[in-house]
Amino acid sequence: EMVKCNRTFSEVLQVKSTRRAFIIILSVFFFFHMSAINVVLFYSISIFKSSGVNIDPKISSIILGLISFSSSVLSSLLIDKFGRKILMIVSCAGTTLFHCVLATYSLLIEQEIIENVVAVNWIPVTSLSMTVFLMSIGIASLPFVLITELVPHKVRNLNLFFDSLLI
């Protein structure tokens with residue numbers, strides 16, 4: 001049974017531990033959205049088409065969904081072994097790396113520096129797959145775990161409301 005929260009949001013933020021939890025969760029959600037995973041997923045079909053891979057782009061999007069699902073399940077198994085901090089660091093660093101690889105590939109293709117596109121068409125596929133895998137292991141799944149662990153039960157409903165505005 002849920003405990004009713006009769007406090008206002010400003011009253012909740014006056015408690016140091018709750019304020020700190022709210023800032024941490026807000027920050028993690030901010031970085032999740034700034035990681036551009038939605039952009040990557042929205043343009044995945046276009047990226048697969050332009051790479052020239054012999055896989056149907058719609059099938060490749062399904063494969064990305066399966067990668068996302070399986071890595072989310074893997075995240076729940078790894079979270080107790082390695083901890084949240086390590087998973088977040090690996091997720092953010094890996095996502096940054098593979099975003100840079102994809103951006104460099106796109107720049108080199110656009111400026112026609114790479115002549116034999118077929119020889120390197122695996123780069124965008126690998127970059128997208130690894131980006132989705134690493135995002136799902138950390139930055140995409142851990143914010144929801146942090147809400148339940150950091151926010152006191154009495155104010156969780158209020159905090160969930162404000163955090164859900166970010167989603």
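**Close-up views of a predicted all-helix model**

**View 1. Surroundings of T95 in the predicted model.** Leaving aside residues up to four places away in sequence, T95 touches T131, L134 and M135. In this model, which is predicted rather than experimental, T95 has its place in helix α6, which covers residues 84-110. The relative accessible area of T95 is 4%, and T95 therefore counts as buried, the cut-off for that class being under 20%.

**View 2. Helix α6 along its length.** Helix α6 has 27 residues and spans 38 Å from its first C-alpha to its last, which is close to the 39 Å expected at 1.5 Å a residue. The buried residues of α6 are L87, M88, S91, G94, T95, F98, L102 and Y105, and the partners against which these buried residues pack are α2, α4, α5, α7 and α8. As background to the spacing of such positions, an α-helix has 3.6 residues a turn, so residues three or four places apart point the same way. After α6 comes E112, a residue whose phi is positive, near 55°.

**View 3. Y105 and V120.** Y105 lies in helix α6, and with a relative accessible area of 8% Y105 is classed as buried, because that value falls under 20%. Between Y105 and V120 there are 8.9 Å in space, taken from C-alpha to C-alpha, while in sequence the two are 15 residues apart.

**View 4. The largest nonpolar core.** This core holds 25 residues, and the members that touch the most other members are I25, L64, L128 and I139. At least two residues of the core are supplied by each of α2 (16-34), α3 (37-42), α4 (44-51), α5 (57-82), α6, α7 (122-137) and α8 (142-150). In soluble globular proteins, nonpolar side chains tend to be buried together.

**View 5. The aromatic pair F30 and F31.** The count of aromatic pairs in the model comes to 1. F30 and F31 form this pair in an edge-to-face arrangement, with 5.4 Å from centre to centre and 70° between the planes. The angle places the pair in the edge-to-face class because planes over 60 degrees apart are assigned to it.

**View 6. The loop residue A36.** A36 lies in the loop between α2 and α3, and its phi is positive, at about 65°, although A36 is not a glycine. The relative accessible area of A36 is 27%, so A36 is partly exposed.

**View 7. The whole chain, as context for the close-ups.** The protein contains 9 helices and 0 strands, which read along the sequence as α-α-α-α-α-α-α-α-α. Of the 167 residues in the protein, 35% are buried, and the accessible surface comes to about 10,400 Å², with 67% of that surface belonging to carbon and sulfur atoms. Among contacts between residues at least 6 apart in sequence, 78% join residues that are at least 24 apart.

Conventions:
Residues are numbered from 1 along each chain as its sequence is written. This is a predicted model: local features need pLDDT of at least 70, side-chain atom pairs count only at pLDDT 80 or more; totals for chains, interfaces and linings use all residues. Side-chain values use heavy atoms; hydrogens and water are left out. Helices (H or I, at least four residues) and strands (E, at least two) are DSSP runs, numbered from the N terminus. Buried means under 20% relative accessible area, exposed over 50%, partly exposed in between (1.4 Å probe, protein chains only). Contact means heavy atoms within 4.5 Å. Accessible areas come from the Shrake-Rupley method with a 1.4 Å probe; for residues, only the protein chains shown count as cover. Rings of Phe, Tyr and Trp (its six-membered ring) pair if their centres lie within 6.5 Å; planes under 30 degrees apart count as stacked, over 60 as edge-to-face and the rest as tilted. A nonpolar core is a set of buried Ala, Val, Leu, Ile, Met, Phe, Trp, Tyr and Cys residues joined through side-chain atoms within 4.5 Å. The expected span of a helix is 1.5 Å times one less than its number of residues.
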